[in-house]
Amino acid sequence: MWLAVALVAGGIVFIYAGGSGPQKAKNAQAGRSRVATRSVPASTQTHRNLGKAYYEQGKYPEAAEEFRKVIATGQGLATDHLDLGLALLQGNDNDKALGELTTAHQMEPALVAADYNLGILYKRELRYPDAEGALERVLHADPDDPAAWFNLGEVYFAERKLPESLAAFQRVDEMGFGRGQNFYVASLFHTFTILVRMKRQPEAHRYLELHEKLRDKVPSISLQNPALEGGRYGAILVPIRPSVETRAFPAETAWDDVTSKLGLKLAAVGEAANPSFAGLAKWVPSVAVGDYDGDGRSDLYVINPGGSNRLFHQNPDGTFTDVTEKAGVAGEGGSLSAVFADYDNSGHASLFVAGLGGVRLYKNRGDGTFSDNTEKAGLKMSAGLVATQALLFDADNDGFLDLVVSVYGNVDPVTSRATPAARPDQIGASLFFRNNSDGTFSDVTASSGLASAKGRMRGAMFADFNNDGYADLVFFRDDGPPFLFLNRGEDKFVERTREAGSALSGAEALDGRAVDFNHDGNFDVALWMRDGYSVLINDGNAHFTPVRNPPPITVPAGLFDPRGAVADLDGDGFDDLLNLDANGKLHFFRNAGGRFTDAPSGLAGAASQAALVRVEAAPLEGPAKPDLVGFTRAGELVVFKGSGPPAHWLEVKLDGSKSNSQGVGAVVEVKAGNFYRKILARGGPVLVYTGKLAELDVVRVTWPNAIVQNSIHVPADKTLSVRESERLASSCPFLYAWDGTKFAYVTDV
């Protein structure tokens, strides 16, 4: 393999064949709050939305024009001048860029991004002392920023300060791939080059070998100069406006029981068919929703903890047919939950079923049938292990879904009829399996930092709570507070429950959901507990504050009774709470920008005939009208369809190429004037209701591997299909060669 190194304007320039898109800007704020509270016309925010989208599409003149329109209103912020400066800088208009970046710095001296981009501009213009000063100010504010260290190392190298340059690059090397990403991979090569110049060849080649091992690890890494001048402070910053004023309507939605119409008949699923599963029958039935045959319609997999499970295929007319026997997924009993997931990127969603014996994997053959690939995939667990959930997400952003198994405990499946894990000696640790990208998994629990996730785990959820580009984890248990594990990359997690605040660390949560309730760009948390519920607002960096005085409710008495769900029931673009009380009645708690009120919903009449024990939102008959799927205390499956005032909607279908095929973990942002919403893709289409908004300024998709794609001027009431970009960065060779036994350095000219 040939590579080439060149000195351009005194700095190292190196680009790899087969490189890919730029490293993700980490969504971090550069010296200011994410949410601006000053009243601003919606049109001004529209210009910001479009400007950012054009910039990320590489349309720098169009981006600059939008930011100029913002500044022309007389209400421009320091970030608006920063954004204009960035667009001008990428358009090679350095003189005007310098003026805008200087203005941003003068308006807000604490805006770290202004110093960073001034440093980049000075570096490009060979003003190295000025570049040093600007980048050193960045590192004074943020000593762990890999981009600032990397570019400072390049400046030192251009000045022939090899010891200083080596020290700067080695700061990035010490961060590892998880934190340094493309800066780390590039820095390894720089370190190699400098060590060769310093006649330290043996040490140099160790860095080269590591560099060669890692440079193609993640498809989204870009080692081109534009990406290496980016990073968290090289991104466009658009303040998020409070969007409560865009609420659509307070009208009540009517709900109808359509179970019989859909042909869904499932009676008394809660009875234990096998005495061995009597303890597990204390759990409530559940349902997994997914399109297993790729026909564009949602299918249902119903979990019966006391017996066999059922798979219902949705027909073209909206009715359902039981295809369990044909598909081969009835199971052996003792199941507690399930999820559809395309773990091997085959284009077909397989089934992961959690329960007694751990997790069972039914691989989708693509012909309407499934095969039990549990043992072949490396997922065979002990017969007495009680797994409550299989959570599929891409922990290391390598394009394949990894697996977390939440474990309630261990029992003797033959002799025990009591609630599993009733004694401390029966409590086990939850498990983490890395996807090997060949259809198999490896248990990496011990090395991941998740081995301390012990307790009677009820489940887990993922979301990027600190906006660093990695999916974090929260575990729920009924014998203590939740666990929050922050993802450090490279399959490494660190527990940060206490640092998250007492609202989380002091709760005993049985279940939860991650949602941006107040539309500030941070994922918040809804918790359902033994004696109530709470909504925790993410203040940033995974620290949570509870919403004060939420509507009261008397919760179900049963430890294993679900207590609520999250859904945008009134179609106004804000996710609401749907809570069950002790009598199985539904309560609609309307969300008004992170504040909740008890509101009429029309659900009381629809659900008056039978007490409910579970309810979830599931768009079964298309996105235009909401559906709710639930179970009665008698074990019957019920489906309610909403009808009422029309609300606009958008369905986003994700098709990953470098990322996982379903786009699990992708973030979808919807923007229209002052309206902003951020949604986490969990598998299947992303459905967004937009109230009265018939057109959106921008729909922005950030894939797990950091590729960003923007769609501009998107009409509502349509399905938007987003295929992940497969474009690769341009390339050129480097000049060092393999001499038969090792790489031999040739030149850095």
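Modeller: The model is predicted. The helix is α1, which covers residues 42–56 and has 15 residues. From its first C-alpha to its last, α1 reaches 21 Å, close to the 21 Å expected at 1.5 Å a residue.

Next comes the question of cover. Helix α1 is mostly covered, with 11 of its 15 residues buried. Among the buried residues are Thr44, Gln45 and Thr46. The stretch from Arg48 through Asn49, Leu50, Gly51, Lys52, Ala53 and Tyr54 to Tyr55 is buried too. These buried residues pack against two helices, α2 (60–72) and α3 (78–90). They also pack against the strands β32 (667–672), β35 (695–702) and β36 (708–715).

After α1 comes Gly58, with a positive phi near 80 degrees. Most residues other than glycine have a negative phi. Asp491 lies in the loop between β18 (483–489) and β19 (492–495). Asn541 is in the loop between β22 (533–540) and β23 (543–546). Asp491 counts as buried because its relative accessibility is 8%, under the 20% cut-off. Asn541 counts as exposed because its relative accessibility is 60%, over the 50% cut-off.

How values were computed. Residues numbered from 1 in each chain as written. Predicted model: local features only at pLDDT ≥ 70, side-chain atom pairs only at ≥ 80, totals over all residues. Heavy atoms only, no water. Helix = DSSP H or I, 4+ residues; strand = E, 2+ residues; numbered from the N terminus. Expected span 1.5 Å × (residues − 1). Buried < 20%, exposed > 50% of the residue type's maximum accessible area, 1.4 Å probe, protein only. Contact = heavy atoms within 4.5 Å.
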